[in-house]
Amino acid sequence: MMTFSLFDQFFFFTPFFVILGILFYSNRSSKKNLKNYFQAEGNLSWFVAGTAMVATTFAADTPLAVTEIIRSGGISGNWIWWYMAVGGFATVFFFSKLWKRSGATTDLELIHIRYSGKEAAFLRGFKAIFIGFFLNLVILGWVNLAMLKILQVFFPEYNSSYLLCVLLGLGVIYTAIAGLKGISYIDVFQFFLAWGGCLVYAYFVLNAPEIGGLAGLKSKLPASNFSFFPSFSEEGSLPWDHFLIMITVIWWSSWYPGAEPGGGGYIAQRILATNDEKSAFKSSLWFVIAHYFLRPWPWILVALCSLVVFPSLSSEESGKGFLMLLNGNLPSGIKGLLLSAFFAAYLSTLATHLNWGASYLVFDFWKPMIQKEKTDGYYLKLSYLFQILTGIFSLWLAMYGMVTIQGAWKFLLEASSGIGFVLIARWYYWRISAYTEILALIVSPLFYVLYSILLGLNFPYSILFTSFSSVIVLILSTLVLPHSDKETLVRFYHKTKPPYFFWKGLHKQIGEKGEFVIYGNRTLDSFLGVVSGVLTVFSGLYLIQNILWPSDLFLIPAVLFLLGLAGLKISIQRINSNETIN
């Protein structure tokens, strides 16, 4: 049984008074309409929007999933999510401004802006239900599963299922009241609370007598646990071929919440909610740097410590190792602070996903297809109902349908392989149509069944075969399937201003000179930005490891980190300059 001191209770309850204050203030100053509820009137600053993105990805499940990864694959196992930084920087430099220019309320409204015909209406409605409800259930299911494990550790004497029901109910009420603006402002506070709590926790766990600091930690575990890079032969670290598939294929092929190829989901929602194009760019840049570079090491250190203290946990229970260290001899107040941090992380992710999912179901399905001419008040009440239903079903899924958090991650990556190709290509190639995207939603899961289930290919080889098989089918089909009408395509081109190169064919189809303006996109500078950003994050992560455990290789990541920062600075300055390239 875990006991809580007076300081624990103080550090646990105090943040919730701050959250209530923010909620009360934002509710008083917010308009009661759909645009505010789902897009914050498009007035979020870059810092609030970007930090809200980071807070959402810092769910209660994240440190537990990282612990599962490290206990099975060491530090190098984190490449199973670090590789997503490549797609994150691609979103920053290639897509963030395109999203803002589109003027969409949700990322699914882009379907209506980009495509035409009944097939576009079908695609928008289908994705609204499939992603906004069914996939959202999977995501919230693993978030609830993590919270269930946290409650079991903190309150073993109580029924954790009942506690989770109460917590989820509070989350649904808070989401309904706050809207996107309130959620985003609370997210800023919750992120720094959760991040700060994990930093403090890592410090005291490392200095516990059974660990003995950084040196003691390294002496008590095999060297393979500390391998930063994938290995050709070492047991307990990520294989090189897995790493290569992730870094070259998965980032652009697989759909994953928070790392959608080309942007999308709640990332696009926050980008669309920013003030202007520069804010859209800066918010997504801050998100990628904070998510992949600033946050991981406290989780990694605690996960490694859990291997020392609890070496025999089963794979199903391994994530709990992150929390079980709280039963050690830690200063008074740490338990309350960390519990508050986990509650904050849980509520932040829950609120965003409930709001985001309801925006799809209301704005992209119910309003355009079921009842068009209703008041905003009617649609807001409907969104509350959808949020309640999503919360209930996700709770059931966590209790009866999932075992490990890491397993849910892999399922999403495998089943969506190939879909990401279309989400990127639709911005750059005019012949991509709603038919292409519909086909992607069909063939990718089918190839997943073929390669992963029937032929028994393991992760990530299943993704490699699924991705390229899907891409071949999609490219060939695009050449024969009907494209959207030319008026829609021309309007989309002038509105979002994508690079001209792959839109030349449409220009020739129209056959009218002067119809197409060649907009400046600074494509080479964007490539420099992506490469520099990836170099900065990956070398920075390795530099931190070399600072924690000094080695002769220190200068290599330090130089690469500085080169990456220089490249980032140059590309950002050029991209955000007022010069135009024709």
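The structure is a predicted model, in which local features need pLDDT of at least 70 and side-chain atom pairs count only at pLDDT 80 or more, while totals for chains, interfaces and linings use all residues. Residues are numbered from 1 along each chain as its sequence is written, and side-chain values use heavy atoms, with hydrogens and water left out.

**Exercise 1.** Determine which residues make the nonpolar surface patch and which helix gives the most to it.

*Solution.* Helix α25 (residues 555-575) contributes four residues, the most of any element. Step 4: check one member. Val559 lies in helix α25 and is partly exposed at 45% relative accessible area, where buried means under 20%, exposed over 50% and partly exposed in between (1.4 Å probe, protein chains only).

**Exercise 2.** Describe the length, the cover and the N-terminal cap of helix α13.

*Solution.* Step 1: helix α13 (residues 277-294) has 18 residues and spans 25 Å from its first C-alpha to its last. Step 4: Asp276 caps the N-terminal end, with a side-chain oxygen 3.3 Å from the backbone nitrogen of Lys278.

**Exercise 3.** Identify the surroundings of Ser359: is Ser359 buried or exposed, and which residues are in contact with it?

*Solution.* Step 1: Ser359 is located in helix α16 (residues 334-370). Step 2: its relative accessibility is 1%, so Ser359 counts as buried. Step 3: a polar atom of the Ser359 side chain lies 2.5 Å from the backbone oxygen of Trp356. Step 4: apart from neighbours within four places in sequence, Ser359 is in contact (heavy atoms within 4.5 Å) with Phe38, Thr106, Gln269 and Asp364.

**Exercise 4.** State how many salt bridges the structure holds, and examine three of them.

*Solution.* Step 1: a salt bridge is a side-chain nitrogen of Lys or Arg within 4 Å of a carboxyl oxygen of Asp or Glu; the structure holds eight. Step 2: Arg270 and Asp187 pair at 3.5 Å, N to O. This pair links distant parts of the chain, with Arg270 in helix α12 (residues 265-272) and Asp187 in helix α9 (residues 160-206), 83 residues apart. Arg270 is buried at 0%, and Asp187 is buried at 0%. Step 3: Arg491 and Glu487 pair with their closest N and O atoms 3.5 Å apart. Both lie in helix α22 (residues 486-496), four residues apart, about one turn of the helix. An α-helix has 3.6 residues a turn, so residues three or four places apart point the same way. Arg491 is partly exposed at 47%, whereas Glu487 is exposed at 59%. Step 4: Asp525 and Arg574 have their closest N and O atoms 2.8 Å apart.

Technical notes: Helix = DSSP H or I, 4+ residues; strand = E, 2+ residues; numbered from the N terminus. Expected span 1.5 Å × (residues − 1). Polar contact = N/O pair within 3.5 Å; in protein donor to acceptor, adjacent residues only side chain to side chain.
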